Amino acid sequence: MSDQTVPAIPEVTESDAYITRAFNAPIDVVWKFWTEPEGLAQWFGPSTTHVDPATIEVELRPGGAWNLDMVDNETGAHYPIRSTLRVVKEREYLEGEVYGETEHGDVLNVVLRVWFHDHGDKTRITLHQGPFSAEFRDMTAEGWEESFQKIDAIVAGAAA
Amino acid sequence: MFTREAPAEDPLTLVFSALADPTRRAILVRLTQGDASVSELAGPFEMSQPAVSKHLRVLEKAGLISRSRVATSRFSHLEPRPLKEATRWMDKQFWNESFDRLDAALAGYLENQARNAQEEEEKENDQ
(Lines give C-alpha, C1' and ligand atoms only; values in the text may rest on other atoms or scores of the structure.)
Protein backbone atom coordinates (compact mmCIF):
# COMPACT_ATOMS: atom_id res chain seq x y z
CA MET A 1 0.00 0.00 0.00
CA SER A 2 1.61 3.24 -1.03
CA ASP A 3 -0.16 6.50 -1.57
CA GLN A 4 2.40 8.54 -3.48
CA THR A 5 1.09 11.96 -2.59
CA VAL A 6 2.96 14.59 -0.64
CA PRO A 7 1.10 15.37 2.59
CA ALA A 8 0.74 18.88 3.93
CA ILE A 9 3.19 19.77 6.67
CA PRO A 10 1.32 18.73 9.80
CA GLU A 11 0.64 20.64 12.92
CA VAL A 12 3.23 19.94 15.56
CA THR A 13 2.14 17.87 18.52
CA GLU A 14 3.96 17.40 21.78
CA SER A 15 5.27 13.96 20.87
CA ASP A 16 6.89 15.00 17.59
CA ALA A 17 10.20 16.46 16.57
CA TYR A 18 9.83 19.19 13.98
CA ILE A 19 12.77 20.99 12.42
CA THR A 20 13.10 23.29 9.44
CA ARG A 21 16.40 24.57 8.15
CA ALA A 22 17.84 26.23 5.02
CA PHE A 23 21.00 24.94 3.32
CA ASN A 24 23.31 26.88 1.01
CA ALA A 25 23.07 24.42 -1.86
CA PRO A 26 20.68 23.80 -4.77
CA ILE A 27 18.01 21.17 -4.34
CA ASP A 28 19.60 18.55 -6.62
CA VAL A 29 22.74 18.57 -4.45
CA VAL A 30 20.80 18.34 -1.18
CA TRP A 31 18.67 15.52 -2.59
CA LYS A 32 21.84 13.68 -3.60
CA PHE A 33 23.17 13.92 -0.04
CA TRP A 34 19.98 12.30 1.25
CA THR A 35 19.68 9.55 -1.32
CA GLU A 36 23.19 8.55 -2.44
CA PRO A 37 25.44 6.49 -0.17
CA GLU A 38 28.53 8.69 -0.70
CA GLY A 39 26.51 11.71 0.34
CA LEU A 40 24.77 10.13 3.32
CA ALA A 41 28.03 8.78 4.69
CA GLN A 42 29.26 12.33 5.21
CA TRP A 43 26.66 13.69 7.56
CA PHE A 44 24.07 11.34 9.05
CA GLY A 45 24.08 11.03 12.84
CA PRO A 46 25.23 13.00 15.88
CA SER A 47 28.71 14.52 15.94
CA THR A 48 30.04 11.74 18.19
CA THR A 49 29.31 9.16 15.49
CA HIS A 50 30.16 8.40 11.89
CA VAL A 51 28.47 6.27 9.25
CA ASP A 52 30.00 2.96 8.18
CA PRO A 53 29.94 3.38 4.36
CA ALA A 54 29.77 -0.39 3.80
CA THR A 55 26.40 -0.59 5.58
CA ILE A 56 24.57 2.02 3.50
CA GLU A 57 21.77 0.70 1.38
CA VAL A 58 19.33 2.95 -0.46
CA GLU A 59 16.57 1.68 -2.72
CA LEU A 60 14.84 4.81 -3.91
CA ARG A 61 11.30 3.50 -4.37
CA PRO A 62 8.24 2.87 -2.22
CA GLY A 63 8.93 -0.21 -0.14
CA GLY A 64 12.66 0.20 -0.67
CA ALA A 65 15.31 0.16 2.03
CA TRP A 66 17.09 3.16 3.49
CA ASN A 67 19.64 1.59 5.82
CA LEU A 68 22.90 2.47 7.46
CA ASP A 69 24.91 1.85 10.61
CA MET A 70 25.98 4.73 12.80
CA VAL A 71 29.25 3.97 14.57
CA ASP A 72 30.29 5.51 17.86
CA ASN A 73 33.59 7.32 17.23
CA GLU A 74 34.99 6.35 20.64
CA THR A 75 33.73 2.82 21.25
CA GLY A 76 33.15 1.60 17.69
CA ALA A 77 29.69 0.36 18.70
CA HIS A 78 27.30 0.05 15.77
CA TYR A 79 23.84 1.60 15.88
CA PRO A 80 21.96 0.31 12.87
CA ILE A 81 19.20 2.45 11.39
CA ARG A 82 16.81 0.40 9.28
CA SER A 83 14.06 2.09 7.32
CA THR A 84 11.46 1.26 4.73
CA LEU A 85 10.59 4.09 2.39
CA ARG A 86 6.90 4.69 1.95
CA VAL A 87 6.79 7.68 -0.39
CA VAL A 88 9.52 8.90 -2.74
CA LYS A 89 8.94 12.09 -4.74
CA GLU A 90 12.19 13.10 -6.34
CA ARG A 91 13.59 16.44 -5.09
CA GLU A 92 10.37 17.00 -3.19
CA TYR A 93 9.52 14.51 -0.47
CA LEU A 94 10.72 11.40 1.36
CA GLU A 95 8.75 9.38 3.86
CA GLY A 96 9.83 6.27 5.68
CA GLU A 97 9.33 4.09 8.70
CA VAL A 98 12.48 4.07 10.77
CA TYR A 99 13.67 1.38 13.16
CA GLY A 100 16.78 1.80 15.22
CA GLU A 101 18.59 -1.14 16.78
CA THR A 102 20.86 -0.89 19.77
CA GLU A 103 22.41 -3.39 22.12
CA HIS A 104 19.34 -2.77 24.28
CA GLY A 105 16.89 -3.70 21.54
CA ASP A 106 14.92 -1.88 18.91
CA VAL A 107 14.29 1.79 19.43
CA LEU A 108 12.74 4.69 17.57
CA ASN A 109 10.02 3.03 15.50
CA VAL A 110 8.83 6.31 14.11
CA VAL A 111 7.70 7.76 10.84
CA LEU A 112 10.10 10.23 9.29
CA ARG A 113 8.85 12.79 6.79
CA VAL A 114 11.16 15.13 4.93
CA TRP A 115 10.05 17.92 2.62
CA PHE A 116 12.54 19.58 0.23
CA HIS A 117 11.76 23.15 -0.83
CA ASP A 118 13.53 24.60 -3.87
CA HIS A 119 14.81 28.16 -3.38
CA GLY A 120 17.32 28.34 -6.25
CA ASP A 121 20.79 28.48 -4.70
CA LYS A 122 19.30 27.45 -1.38
CA THR A 123 17.20 24.54 -0.24
CA ARG A 124 14.95 24.40 2.75
CA ILE A 125 14.34 21.10 4.49
CA THR A 126 11.37 20.54 6.75
CA LEU A 127 11.64 17.41 8.82
CA HIS A 128 8.97 15.81 10.93
CA GLN A 129 9.63 12.77 13.07
CA GLY A 130 7.02 11.05 15.15
CA PRO A 131 3.67 9.41 15.00
CA PHE A 132 1.10 11.48 13.15
CA SER A 133 -2.12 12.08 15.01
CA ALA A 134 -3.84 9.26 13.09
CA GLU A 135 -1.05 6.85 13.98
CA PHE A 136 -0.66 8.14 17.48
CA ARG A 137 -0.75 5.52 20.14
CA ASP A 138 -0.74 6.28 23.81
CA MET A 139 2.42 5.62 25.68
CA THR A 140 2.02 1.91 26.25
CA ALA A 141 4.42 -0.07 28.40
CA GLU A 142 6.29 -0.86 25.22
CA GLY A 143 6.47 2.80 24.25
CA TRP A 144 8.01 3.66 27.57
CA GLU A 145 10.57 0.92 27.37
CA GLU A 146 11.58 2.07 23.90
CA SER A 147 12.15 5.54 25.23
CA PHE A 148 14.22 4.26 28.13
CA GLN A 149 16.32 2.13 25.81
CA LYS A 150 16.89 5.17 23.65
CA ILE A 151 17.93 7.18 26.69
CA ASP A 152 20.23 4.36 27.78
CA ALA A 153 21.85 4.26 24.37
CA ILE A 154 22.37 8.00 24.31
CA VAL A 155 23.67 8.14 27.88
CA ALA A 156 26.04 5.27 27.07
CA GLY A 157 27.24 7.12 23.98
CA ALA A 158 27.77 10.36 25.90
CA ALA A 159 29.63 8.62 28.72
CA ALA A 160 31.95 6.74 26.35
CA MET B 1 17.73 38.05 34.86
CA PHE B 2 18.28 36.06 31.70
CA THR B 3 21.38 33.96 31.74
CA ARG B 4 22.40 31.50 29.06
CA GLU B 5 23.12 28.84 31.61
CA ALA B 6 20.25 26.52 32.43
CA PRO B 7 19.15 26.85 36.03
CA ALA B 8 19.64 23.79 38.21
CA GLU B 9 15.86 23.33 38.42
CA ASP B 10 15.42 23.32 34.64
CA PRO B 11 12.70 20.70 33.94
CA LEU B 12 14.69 18.78 31.34
CA THR B 13 17.71 18.59 33.66
CA LEU B 14 15.51 17.20 36.42
CA VAL B 15 14.06 14.60 34.04
CA PHE B 16 17.45 13.47 32.73
CA SER B 17 19.03 13.23 36.17
CA ALA B 18 16.00 11.30 37.41
CA LEU B 19 16.31 8.90 34.45
CA ALA B 20 20.06 8.50 34.89
CA ASP B 21 19.44 5.94 37.65
CA PRO B 22 18.56 2.37 36.56
CA THR B 23 16.42 1.70 39.65
CA ARG B 24 14.30 4.77 38.95
CA ARG B 25 13.88 3.69 35.32
CA ALA B 26 12.82 0.25 36.52
CA ILE B 27 10.29 1.85 38.88
CA LEU B 28 8.83 3.80 35.96
CA VAL B 29 8.58 0.67 33.83
CA ARG B 30 6.79 -1.07 36.72
CA LEU B 31 4.34 1.85 36.91
CA THR B 32 3.38 1.34 33.26
CA GLN B 33 1.50 -1.71 34.57
CA GLY B 34 -0.54 0.46 36.92
CA ASP B 35 -0.30 2.54 40.08
CA ALA B 36 1.61 1.00 42.97
CA SER B 37 2.25 1.57 46.65
CA VAL B 38 5.70 2.00 48.16
CA SER B 39 5.76 -1.55 49.51
CA GLU B 40 4.66 -2.97 46.15
CA LEU B 41 7.49 -1.08 44.49
CA ALA B 42 10.07 -2.06 47.12
CA GLY B 43 9.38 -5.80 46.68
CA PRO B 44 11.04 -6.59 43.34
CA PHE B 45 14.01 -4.26 43.96
CA GLU B 46 15.18 -5.79 47.25
CA MET B 47 15.30 -2.32 48.70
CA SER B 48 14.07 -0.82 51.93
CA GLN B 49 10.92 1.28 51.73
CA PRO B 50 12.79 4.47 52.77
CA ALA B 51 15.25 3.90 49.91
CA VAL B 52 12.37 3.50 47.44
CA SER B 53 10.68 6.58 48.89
CA LYS B 54 13.82 8.56 48.20
CA HIS B 55 13.76 7.50 44.54
CA LEU B 56 10.06 8.33 44.34
CA ARG B 57 10.71 11.86 45.60
CA VAL B 58 13.25 12.40 42.83
CA LEU B 59 10.78 11.09 40.24
CA GLU B 60 8.02 13.26 41.64
CA LYS B 61 10.19 16.38 41.59
CA ALA B 62 10.96 15.70 37.91
CA GLY B 63 7.22 15.41 37.23
CA LEU B 64 7.58 11.82 36.04
CA ILE B 65 5.15 10.53 38.67
CA SER B 66 2.41 11.94 40.86
CA ARG B 67 1.50 10.51 44.26
CA SER B 68 -1.76 10.16 46.09
CA ARG B 69 -2.68 8.84 49.51
CA VAL B 70 -5.20 6.06 50.01
CA ALA B 71 -5.70 5.36 53.72
CA THR B 72 -2.16 4.77 55.03
CA SER B 73 -0.59 3.96 51.67
CA ARG B 74 0.87 6.34 49.11
CA PHE B 75 0.32 5.32 45.51
CA SER B 76 2.57 6.40 42.66
CA HIS B 77 1.15 7.18 39.26
CA LEU B 78 3.06 7.55 36.01
CA GLU B 79 2.99 10.95 34.25
CA PRO B 80 3.98 10.49 30.59
CA ARG B 81 4.40 14.10 29.48
CA PRO B 82 7.96 14.86 30.74
CA LEU B 83 9.35 11.71 29.13
CA LYS B 84 7.74 12.60 25.83
CA GLU B 85 9.31 16.04 26.05
CA ALA B 86 12.70 14.52 26.84
CA THR B 87 12.59 12.15 23.87
CA ARG B 88 11.44 14.94 21.56
CA TRP B 89 14.38 17.02 22.77
CA MET B 90 16.76 14.14 21.97
CA ASP B 91 15.26 13.69 18.51
CA LYS B 92 15.83 17.37 17.80
CA GLN B 93 19.41 17.16 19.06
CA PHE B 94 19.99 14.24 16.72
CA TRP B 95 18.80 16.16 13.67
CA ASN B 96 20.40 19.47 14.57
CA GLU B 97 23.78 17.80 14.91
CA SER B 98 23.26 15.86 11.69
CA PHE B 99 22.24 19.03 9.87
CA ASP B 100 25.35 20.86 11.08
CA ARG B 101 27.38 18.09 9.47
CA LEU B 102 25.25 18.19 6.30
CA ASP B 103 25.89 21.94 6.10
CA ALA B 104 29.63 21.36 6.18
CA ALA B 105 29.45 18.47 3.69
CA LEU B 106 27.42 20.54 1.22
CA ALA B 107 29.87 23.45 1.49
CA GLY B 108 32.78 21.09 0.82
CA TYR B 109 31.00 19.55 -2.15
CA LEU B 110 30.16 22.88 -3.78
CA GLU B 111 33.68 24.20 -3.20
CA ASN B 112 35.09 21.12 -4.87
CA GLN B 113 32.67 21.49 -7.77
CA ALA B 114 33.64 25.14 -8.25
CA ARG B 115 37.34 24.25 -8.18
CA ASN B 116 36.87 21.51 -10.77
CA ALA B 117 34.89 23.88 -13.02
CA GLN B 118 37.66 26.46 -12.74
CA GLU B 119 40.34 23.91 -13.60
CA GLU B 120 38.31 22.82 -16.63
CA GLU B 121 38.08 26.40 -17.76
CA GLU B 122 41.82 26.95 -17.32
CA LYS B 123 42.51 23.78 -19.31
CA GLU B 124 40.29 25.03 -22.13
CA ASN B 125 41.98 28.41 -22.13
CA ASP B 126 45.40 26.74 -22.37
CA GLN B 127 44.38 24.87 -25.50
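Predicted model: local features only at pLDDT ≥ 70, side-chain atom pairs only at ≥ 80, totals over all residues.
Residues are numbered from 1 along each chain as its sequence is written, chains are lettered from A and ligands numbered from 1 in the order in which they are written, and side-chain values rest on heavy atoms, with hydrogens and water left out.

Aromatic pairs were assigned to rings of Phe, Tyr and Trp (its six-membered ring) with centres within 6.5 Å; planes under 30 degrees apart count as stacked, over 60 as edge-to-face and the rest as tilted. This rule gives 17 aromatic pairs over all chains. One of them is the tilted pair of A:Trp43 and B:Phe99, with 6.3 Å centre to centre and 45 degrees between the planes. The pair joins two chains, because A:Trp43 lies in the loop between α2 (37-40) and β2 (49-58) of chain A and B:Phe99 in helix α5 (residues 81-126) of chain B. Helices (H or I, at least four residues) and strands (E, at least two) are DSSP runs, numbered from the N terminus. Both A:Trp43 and B:Phe99 are buried, where buried means under 20% relative accessible area, exposed over 50% and partly exposed in between (1.4 Å probe, protein chains only).

B:Phe99 also pairs with B:Trp95; the ring centres are 5.9 Å apart and the planes stand at 50 degrees, so this pair is tilted. B:Trp95 and B:Phe99 are four residues apart in helix α5 of chain B, a separation of about one helical turn. The relative accessibility is 2% for B:Trp95, which counts as buried, and 0% for B:Phe99, which is likewise classed as buried. Ring pairs link these residues into a cluster that contains A:Phe23, A:Trp31, A:Trp34, A:Trp43, A:Phe44, A:Trp66, A:Phe116, B:Phe94, B:Trp95 and B:Phe99.

Side chains of opposite charge can pair when their charged atoms come close. With a salt bridge taken as a side-chain nitrogen of Lys or Arg within 4 Å of a carboxyl oxygen of Asp or Glu, the whole structure holds 11 salt bridges over all chains. B:Asp103 and A:Arg21 form one, at 3.1 Å from N to O. B:Asp103 is partly exposed at 29% relative accessibility, whereas A:Arg21 is buried at 17%.

Helix α5 of chain B also contains B:Arg81 and B:Glu85, four residues apart, or about one turn of the helix. Their closest N and O atoms are 3.8 Å apart in a salt bridge. B:Arg81 is partly exposed at 48% relative accessibility, and B:Glu85 is partly exposed at 32%. In the salt bridge of B:Lys123 with B:Glu120, the closest N and O atoms are 3.7 Å apart. B:Lys123 is exposed at 51%, while B:Glu120 is partly exposed at 43%. In chain A, a network of salt bridges links A:Arg86, A:Glu95, A:Glu97 and A:Arg113.

A:Arg91, a residue other than glycine, has a positive phi near 55 degrees. A:Arg91 is located in the loop between β4 (78-89) and β5 (93-102) of chain A and is partly exposed at 38%. For B:Ala71, phi is also positive, near 55 degrees. The loop between β2 (65-70) and β3 (73-78) of chain B holds B:Ala71, which is exposed at 68% relative accessible area.
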